[in-house]
Amino acid sequence: MKIVHSVAEMQDTAAATRARGESIGLVPTMGSFHAGHLSLMSAARTQNDRVVVSLFVNPTQFGPGEDLAAYPRDLDGDARLAAAEDVDVLFAPSAAEMYPDGFATTVHVAGVADVLDGAARPGHFDGVATVVAKLFSIVAPDVAYFGQKDAQQVLVVRRLVRDLNLPVRIEACPIVREADGLAMSSRNVYLDPEARARATALNQALSAAEAVVALGETRAEPVLAAARGVLAASGIDPEYLELRSPDDLTPVDAVTEPALLAVAARVGSARLIDNRMLEASR
Ligand code: AMP
């Protein structure tokens, strides 16, 4: 596996790959790999001739007071894990390489990026959309892989790709969970044992909502109440817990069509997100 730090070398490497007629799958990440990241690499491996994984803790998607400095970083460990997934290129640029002096462009996706995490973390999705646009431009992948764990991010990236006619296909991969249901996240390392135990309530809350829907309930309020009850029992007051359209994130008041139930909550010193697609039983 080749490790590339410069944009120019990444562009040359990708251009040579395309000139050979080989397809490229890109997996954008911020590193500190867990099984969720590895599942994206594995999907990319099965569907493309070449796999590029980008590892960049993107400063522009962190707000003031967020965990940019504390964010876990382990390039050597990540390189070993990516190599074991048969990744061809690990693209790990510095912040100065991605945002040189004078950098002045921001990509803003209106609508889907303005609600939920976009409202809770102002500017977050501008940072995401800008860096993803840059990565697509640098690597020019045929397919890019994102996790459904960050469901809103998938919608923002899909909108970006449609609006700017970017020639890349977006694949969303299922959420990978710990044995007790907690969605894997690089931020789970912030959880002390007490918070780690309580954090399972997020997945349990989504499951409780799903169970209510499976019993025939479609109205948003009882569905949300079931989830809220599970969170409250673990002392978790969510930042948001909302039922939204999986197409454009507009609020929905019933699960008559498939709906996205999304939650964000601070648990101990970690801010965690999770989500579940709910479908009415027939
Ligand atoms: P990150 O390094 O946290 O920015 O994540 C990089 C990619 O991995 C994003 O597309 C995430 O949605 C995805 N990802 C993170 N955690 C998981 C998970 N538990 N299951 C599936 N995909 C994930």
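A nonpolar core is here a set of buried Ala, Val, Leu, Ile, Met, Phe, Trp, Tyr and Cys residues joined through side-chain atoms within 4.5 Å, where buried denotes under 20% relative accessible area (1.4 Å probe, protein chains only). The model is predicted, with pLDDT of at least 70 required for local features and 80 or more for side-chain atom pairs, whereas totals for chains, interfaces and linings use all residues. Residues are numbered from 1 along each chain as its sequence is written, and side-chain values use heavy atoms, without hydrogens and water.

The largest nonpolar core comprises 44 residues, of which M10, F91, M98 and F136 touch the most other members. At least two residues each are supplied by α1, β2 (24-29), β4 (89-91), α6, β5 (143-147), α7 (151-163) and β8 (259-267); helices (H or I, at least four residues) and strands (E, at least two) are DSSP runs numbered from the N terminus. Helix α6 provides the largest share, ten residues. Because domain 1 (2-173) and domain 2 (186-276) both contribute residues, this core lies between them; the domain bounds come from an automatic or database assignment. Another core, of 32 residues, lies apart from it and includes Y190, L191, L243 and V255.

Beyond its neighbours within four places in sequence, M10 is in contact (heavy atoms within 4.5 Å) with V4, V52, V89, F91, I138 and V139.

Helices α1 (residues 7-19) and α6 (residues 124-139) pack at about 50°, with axes 8 Å apart; the axes are lines fitted to C-alpha atoms over the stretch in contact, and angles between N-to-C directions run from 0 to 180 degrees. On the α1 side, V7, M10, Q11, A14 and R18 meet S137, I138 and V139 of α6.

Note on methods: Buried means under 20% relative accessible area, exposed over 50%, partly exposed in between (1.4 Å probe, protein chains only).
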